[in-house]
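Morning, everyone. I have one structure to show you today. Take a moment to look at it before I start.

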Amino acid sequence: MTAQPAQLAHPLRSQRLNQLTHQPHSRLDALVKSHDPFASPERFARFVAAQYLFQYDLERLYNDPALVALIPDLPARCRLQQARLDLADLGLAIPEGDEAIRSRSLGLGAALAWLFVSEGSKLGAAFLLKRMPALGLSETFGARHLGEPEGGRAQGWKSFIATLDGVELDERQEREAEAAAIAAFERFTEHLERCFA
Ligand code: HEM
């Protein structure tokens, strides 16, 4: 038997995905900061555009009946509308999203992994929100998509993780989940590069 890498040996799927995406997350964090999104509302608007495009990719998943059956508050977790309103507050046009990506059909493992990345990004959002007063922005103007989710940030994450860890997946779906978590980080990176180009 070949030894499994330690990161893929954790009994909890959420922990495995967490460890697997540690590096992509660090790279993305550094990339966000390299674009200096807190220098001005105009620069922050570009970051919001990337968030909008990522939520656009995910909107169908957030409303997928099979996934909503697992996570009843899933549709309310999507932040597309908040990002749209933020762009309007900031005076930036809504960028054109990618219909092909949002319309493709994903297996359960992959779908949950994309949601894992999107839901996880709400944790970092709490830190980003602290920078907003300096820009004259808040969770009711320009930075709505970073706002505290209904029921609380920690609780929302805990309940999502409980579902993610409780779902049974076969080996193939498990591998698809891992690949999808990495792909979701790559996708956000593409949006970021496009919006700051
Ligand atoms: C598109 C996806 C994501 C983006 C764009 C993103 C972005 C960020 C950024 C920019 C920070 C730094 C905030 C600061 O220091 O001011 C951060 C921190 C954080 N993020 Fe993410 N993140 C994403 C996904 C995730 C995921 C999937 C998780 C959890 C599994 C996560 C958990 C955290 C946590 C706990 C922090 C707090 C500080 C830390 O531990 O590094 N994020 N995120």
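This is a predicted model: local features need pLDDT of at least 70, side-chain atom pairs count only at pLDDT 80 or more; totals for chains, interfaces and linings use all residues.

Every number I give is computed from it.

Let's start with the iron. Which protein residue donates to the iron atom of the ligand? It is H25, through NE2, at 2.1 Å. That is the single donor from the protein. As for its place in the chain, H25 sits in helix α2, residues 22-34.

Stay on helix α2 for a moment. Q23 belongs to that helix too. Buried or exposed? Q23 has a relative accessible area of 55%, so it counts as exposed, the cut-off being over 50%. Now pair Q23 with G147. They are 124 residues apart in sequence, and their C-alpha atoms are 26 Å apart in space.

Move on to the loop between α2 and α3. D36 is in that loop. Its phi is near 50 degrees, which is a positive value, and D36 is not a glycine. In general, most residues other than glycine have a negative phi. D36 is partly exposed, because its relative accessible area is 43%.

Next, the helix pair. Helix α3 covers residues 41-62, and helix α8 covers residues 108-129. How do they pack? The angle is about 145 degrees, and the axes are 10 Å apart. The crossing of α3 past α8 is left-handed. On the α3 side, the contact is made by F47, F54, Q55, L58, L61 and Y62. On the α8 side, the residues are A111, W114, L115, V117, S118, E119 and L128. Sort that contact by class and you get 10 nonpolar residues, two polar and one charged.

One of the α3 residues in that contact is Q55. Why does Q55 count as buried? Because its relative accessibility is 1%, and buried means under 20%. Setting aside neighbours within four places in sequence, Q55 is in contact with Y62, C78, R79, L80 and S118. A30 is another matter. Q55 and A30 are 25 residues apart along the chain, with 21 Å between their C-alpha atoms.

Where is it? H145 lies in the loop between α8 and α9. At 3% relative accessibility, H145 is buried. Which side chains does the H145 side chain meet in polar contacts? One is the side chain of Q51, at 3.4 Å. Another is the side chain of D86, at 2.7 Å. Leave out residues up to four places away in sequence, and H145 touches F44, F47, V48, Q51, R79, Q82, A83 and D86.

Q173 is in helix α10, residues 171-196. Q173 has 18% relative accessibility, so it still counts as buried, since the limit is under 20%. Beyond four places in sequence, Q173 touches L108, G109 and E168.

Last one, L12. L12 comes in the segment before α1. With 39% relative accessibility, L12 is partly exposed. L12 and L129 are 117 residues apart along the chain, and their C-alpha atoms are separated by 30 Å.

Methods. Residues are numbered from 1 along each chain as its sequence is written. Side-chain values use heavy atoms; hydrogens and water are left out. Axes are lines fitted to C-alpha atoms, for helices over the stretch in contact, and angles run from 0 to 180 degrees between N-to-C directions. Helices (H or I, at least four residues) and strands (E, at least two) are DSSP runs, numbered from the N terminus. A crossing is left-handed if the near helix is turned anticlockwise from the far one by less than a right angle, and right-handed if clockwise. Contact means heavy atoms within 4.5 Å. Ala, Val, Leu, Ile, Met, Phe, Trp, Tyr, Cys and Pro count as nonpolar, Asp, Glu, Lys and Arg as charged, and the others, Gly among them, as polar. Donors are N, O and S atoms within 2.8 Å of the metal (3.2 Å for Na, K and Ca); water is not among the atoms, so sites may look incomplete. Buried means under 20% relative accessible area, exposed over 50%, partly exposed in between (1.4 Å probe, protein chains only). A polar contact is a pair of N or O atoms within 3.5 Å; within protein, one must be able to donate a hydrogen and the other to accept it, and residues adjacent in sequence count only if both atoms are side-chain atoms.
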